[in-house]
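Please find below a colleague's note on the model shown here.

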Amino acid sequence: MILGLVSLCAPLGDTCLSRGMTNLPAISLAHPVTLIAAVFTPWIAVGIALLIGFFASYLTALSWADLTFVLPATAFGNVIVALFARFWLHEAISWQRWLGVVLITVGVGFVAHGPSLTIQPAPIGTATEPRVLEAPHPVTPTESGLEKEQVR
């Protein structure tokens with residue numbers, strides 16, 4: 001579900017930003033007031049909110065999976081961006097870009113078959129079996145150090 005949010009919030013947010021910027025004149029860093037004013041237009045504000053949702057979902061996914069799993073899995077958002085750009089923003093998309101979208105999708109398929117977590121060997125002098133790193137159980141500040149070790 002989290003990877004689904006990541007894959008949906010980023011393309012929706014980017015599409016809303018693009019939609020909002022098409023209604024504004026060109027913005028220059030030499031005139032930061034126009035940039036600040038753009039943030040408060042409805043489409044751009046919605047886009048920023050969606051990108052904040054993307055970032056929160058992305059951080060959540062990184063808390064329980066490796067970057068080498070999460071980042072390629074989010075690349076499927078490129079497919080969604082292309083579809084939104086074509087059918088919602090009515091942008092013309094060349095066959096080369098569609099080919100790129102297909103190649104990204106195939107690449108994501110290869111990565112999706114790998115493990116989400118790297119298997120780490122146990123430190124020297126401990127158990128000899130490799131262990132899988134899992135998301136830690138939340139520890140409350142009132143737990144003692146001994147209880148924290150038991151939770152892990």
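1. The model is predicted: local features need pLDDT of at least 70 and side-chain atom pairs count only at pLDDT 80 or more, while totals for chains, interfaces and linings use all residues. Residues are numbered from 1 along each chain as its sequence is written, and side-chain values use heavy atoms, with hydrogens and water left out.

2. The largest nonpolar core has eleven residues: Val6, Cys9, Ala10, Cys16, Leu50, Phe54, Tyr58, Ala61, Ala65, Phe69 and Val70. At least two of its residues come from each of helix H1 (2-22), helix H3 (42-64) and helix H4 (67-74). Another core, of five residues, lies apart from it and includes Ala82, Ala85, Ile93 and Val101. A nonpolar core is a set of buried Ala, Val, Leu, Ile, Met, Phe, Trp, Tyr and Cys residues joined through side-chain atoms within 4.5 Å; buried means under 20% relative accessible area (1.4 Å probe, protein chains only). Helices are DSSP runs of H or I, at least four residues, numbered from the N terminus.

3. Thr15 lies in helix H1 and is buried, with a relative accessible area of 4%. Leaving aside residues up to four places away in sequence, Thr15 touches Phe84, Trp88 and Leu89 (contact means heavy atoms within 4.5 Å).

4. On the H1 side, Ser7, Leu8, Pro11, Leu12 and Thr15 meet Gly77, Ile80, Val81 and Phe84 of H5. The residues of this contact comprise six nonpolar, three polar and no charged (nonpolar: Ala, Val, Leu, Ile, Met, Phe, Trp, Tyr, Cys and Pro; charged: Asp, Glu, Lys and Arg; polar: the others, Gly among them).

Key. Buried means under 20% relative accessible area, exposed over 50%, partly exposed in between (1.4 Å probe, protein chains only).
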